[in-house]
Amino acid sequence: AVYHVMSRTALDGFVLGDVEKEFLLKLIKRLSRVYFTEVLGFCIMGNHFHLLVRMHRGEDYDDEEIKRRYKLYYGEESKDEVSDEEMIGLLREKWENLSEYIKEIKQGFSRFYNKRHGRKGFFWSERFKSVIVDNGETIINCLAYIDLNPVRAGITKRPESYRWSSIGY
């Protein structure tokens, strides 16, 4: 299924600067190589982000792919090997789950932000919102909506000029 995911910060103002946006983008890219997801579009604004993602089923990936992604997640130097059938099944379930994917993005970013800014507590205002997007024209319209965020906000006149969106990237 394809989902339009949105999440807002709990902090006042536009707290996501270039460094924070870059970290968030790298985190999304890193986790997208582990989870069974395909990022179709994104936009990171000063106080929220949008993702358009296709989640794939875990059963479409064999055990060797699970092991490869495990190494990708924990690093090649990790001494742990995944050979237990039950553990492979648990990873397969986790990595096909949209909620787990977004949770890791938001938690990873919160730790980074709080450490960088010497603060504690919540960064995101609430659980993310997501809407299932039908295939075809609906996906194209949703992607246009996401990429036009900086234009609607008056940040840029042309969506491709905004570095932190899929069309600008």
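Biologist: What is the relative accessible area of G121, and where does that place the residue?

Modeller: G121 has a relative accessible area of 46%, so the residue counts as partly exposed; buried would mean under 20%, exposed over 50%, and partly exposed is what lies in between, with a 1.4 Å probe and protein chains only. This is a predicted model, in which local features need pLDDT of at least 70 and side-chain atom pairs count only at pLDDT 80 or more, while totals for chains, interfaces and linings use all residues. Residues are numbered from 1 along each chain as its sequence is written, and side-chain values use heavy atoms, with hydrogens and water left out.

Biologist: Where is the place of G121?

Modeller: G121 is found in the loop between α4 and β4, where helices (H or I, at least four residues) and strands (E, at least two) are DSSP runs numbered from the N terminus. The C-alpha atom of G121 is separated by 8.6 Å from that of S110, a residue 11 places away along the chain.

Biologist: Changing topic, how many residues has the largest nonpolar core?

Modeller: That core has 45 residues, and those with the most contacts inside it are L51, L98 and Y101. A nonpolar core here is a set of buried Ala, Val, Leu, Ile, Met, Phe, Trp, Tyr and Cys residues joined through side-chain atoms within 4.5 Å. At least two residues of this core come from each of β1 (2–8), α1 (18–34), β2 (37–44), β3 (48–55), α2 (63–74), α3 (85–95), α4 (98–116) and α5 (137–147). In soluble globular proteins, nonpolar side chains tend to be buried together.

Biologist: And what is L51 in contact with, leaving aside its neighbours within four places in sequence?

Modeller: With those neighbours left aside, the partners of L51 include Y3, V5, I28, V39, F42, Y101, I105 and I146, where contact means heavy atoms within 4.5 Å.

Biologist: How many salt bridges does a search of the whole structure find?

Modeller: The search finds 13 salt bridges, each being a side-chain nitrogen of Lys or Arg within 4 Å of a carboxyl oxygen of Asp or Glu. One of them joins R92 to D63, with the closest N and O atoms 2.9 Å apart. This pair links distant parts of the chain, since R92 is in helix α3 and D63 is in helix α2, 29 residues apart.

Biologist: Which residue forms a salt bridge with E65?

Modeller: E65 forms one with R68, and the closest N and O atoms are 2.7 Å apart. Because E65 and R68 are three residues apart in helix α2, about one helical turn separates them. E65 counts as buried at 18% relative accessibility, while R68 counts as partly exposed at 42%.

Biologist: What about R158, how far apart are the closest N and O atoms in its salt bridge with E160?

Modeller: Those atoms are 2.3 Å apart. R158 counts as exposed at 52% relative accessibility, and E160 as partly exposed at 34%. Elsewhere, salt bridges that share partners join K94, E100, K103 and E104 into one network.

Biologist: Now the rings, how many aromatic pairs does the count come to?

Modeller: The count comes to 16 aromatic pairs. Rings of Phe, Tyr and Trp (its six-membered ring) pair if their centres lie within 6.5 Å, and planes under 30 degrees apart count as stacked, over 60 as edge-to-face and the rest as tilted. The rings of Y35 and Y101 have centres 5.5 Å apart and planes at 55°, so this pair is tilted. Y35 is in the loop between α1 and β2, and Y101 is in helix α4, 66 residues apart. Both Y35 and Y101 are buried.

Biologist: Which residues do ring pairs link into a cluster?

Modeller: The cluster consists of F23, F49, F109, F112, Y113, F123 and W124.
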